[in-house]
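Dear colleague,

I am handing over the structure we spoke of, and my notes on it follow below the display. Please read them with the coordinates open.

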Amino acid sequence: MIKILLQGGLGNQMFQYAFAKNIALKQQTKLILDTSFINTKLPYGNYTTPMQYELGIFNIKDEIQTTTITNSKLTYPLAKLEYFIKKQFNQNKHYLLKETQHQFNSSYLQCPNNAFIIGNFQSEKYFIEHQSEILKHFQFIQPLDEINQSIANQINTTNSVSIHIRRGDYIKLPQNAKKFQQTPLSYYHDAINFLAQKISNIHCFIFSDDIDWAKENLIINHNKSFINHNKGKDSYKDMQLMSRCKHNIICNSTFSWWAAYLNSSKEKIVLAPNKWFANNILEDKDIIPQSWIKL
C-alpha cells in the first residue's frame, strides 16, 4: 500500500497523485489518497489558498481516506487535532517518505511498499516511467457544457494559443508573494511574438483569475478571447479548455503546467517563464520538461 497526503490546489494534487501512482504501479500495490490535511483547511481566502479535494473531476478510482470530523468554524480545533493524530499514526506505522527539496531526487523513486508520502514532487521525472498509464487517469469525466463547448469549437478551428495569467493569491497572500516570482508582462509579450513568428494568424485565449487586469494591461495585436466565466467548482474547466489549445503560454503555476502537459498535440509549442520561484533558495530547474521553451 502507498498512501499520499494531498495538499494544495488542483495542479499540486495532480503532481502528488502522479508521483504516488507511479510508485504504486512500480510496487504493484494499491494507492490511497489521504485528504485529511486539505479537509482541515478553512476557506479563509484572505489568509491562505483555499483547498479541497479536486481530483474528482478525473477518471481516478483509487481509495480516498479523510477525517471523520466535519470541519467548520466551530469544529476546526477537533478536525485539526484528528488530522495531527492520524498523521502521526501514519508516520509511525508506515515507511515515511518526505520530500525535502524542490530539485528532482531520483532516490525518491526507490520508495518501498507500505509507505506514507508527503511532498509536492513537481517534475515529470517523478512519473515518466508510467506516464501513459497515469495520463489515462487524468481524463476529464464530464463533457463540456454549452458555453465551454462553444469556446472549444473556436479553439479547435483556429491556431489557438492559451495564455494563463495568475495573480489572485500570488499577490494577495504575503507568503505566496515571497515564494513565487511575479511573471512580468514582458514575458507574455515575448512569448506571443515568438509564436506569431512561427505560426500564422494565431488566436489567443486568455485565462486569468484577474481578467479585468489582463484586459487592461495585456495588449495583444492578434485575434483574442478573454475567458472568465468558469468560477468556483467550475474553475477546472479553464484547464480543460487550455489543454485543447494547439499551443500554450503558461505562467509559474502548476495549474497551467498541467493544462499544457495534458495538451496531446504532437505539434504543440509550450512556453514557460524562465524563473519559477522568487526565493532563489528554491530550485526550479526540474519543473519544466526539456521539450518546452523557457523565456
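What follows covers the overall fold and then some of the salt bridges.

Please keep in mind that this is a predicted model. The protein chain holds 10 helices and 11 strands, and its C-alpha trace spans about 60 × 45 × 40 Å along the principal axes. A compact globule of 295 residues would have a radius of gyration near 19 Å, and the 19 Å found for the protein chain agrees with that. Of the 295 residues, 49% count as buried, while among contacts with a separation of 6 or more, 68% come from residues 24 or more positions apart.

As for charge, the chain carries 32 positive and 23 negative side chains, the centres of the two sets lying 3 Å apart. The structure holds nine salt bridges, including one between Glu129 and Lys26, at 3.4 Å from N to O. That pair links distant parts of the chain, with Glu129 in the loop between strand S5 and helix H3 and Lys26 in helix H1, 103 residues apart; Lys26 counts as partly exposed because its relative accessibility is 31%.

Asp286 forms a salt bridge with Lys125, in which the closest N and O atoms are 2.9 Å apart. Here the partners are 161 residues apart, Asp286 lying in the loop between strands S10 and S11 and Lys125 in the loop between S5 and H3. Asp286 is buried, with a relative accessible area of 8%, whereas Lys125, at 38%, counts as partly exposed.

Note on methods: Residues are numbered from 1 along each chain as its sequence is written. This is a predicted model: local features need pLDDT of at least 70, side-chain atom pairs count only at pLDDT 80 or more; totals for chains, interfaces and linings use all residues. Side-chain values use heavy atoms; hydrogens and water are left out. Helices (H or I, at least four residues) and strands (E, at least two) are DSSP runs, numbered from the N terminus. The radius of gyration is taken over C-alpha atoms; the globule rule is 2.2 Å times the number of residues to the power 0.38. Buried means under 20% relative accessible area, exposed over 50%, partly exposed in between (1.4 Å probe, protein chains only). Contact means heavy atoms within 4.5 Å. Lys and Arg count as positive and Asp and Glu as negative; His and the chain ends are not counted. The place of a charge is taken as NZ of Lys, CZ of Arg, CG of Asp or CD of Glu. A salt bridge is a side-chain nitrogen of Lys or Arg within 4 Å of a carboxyl oxygen of Asp or Glu.
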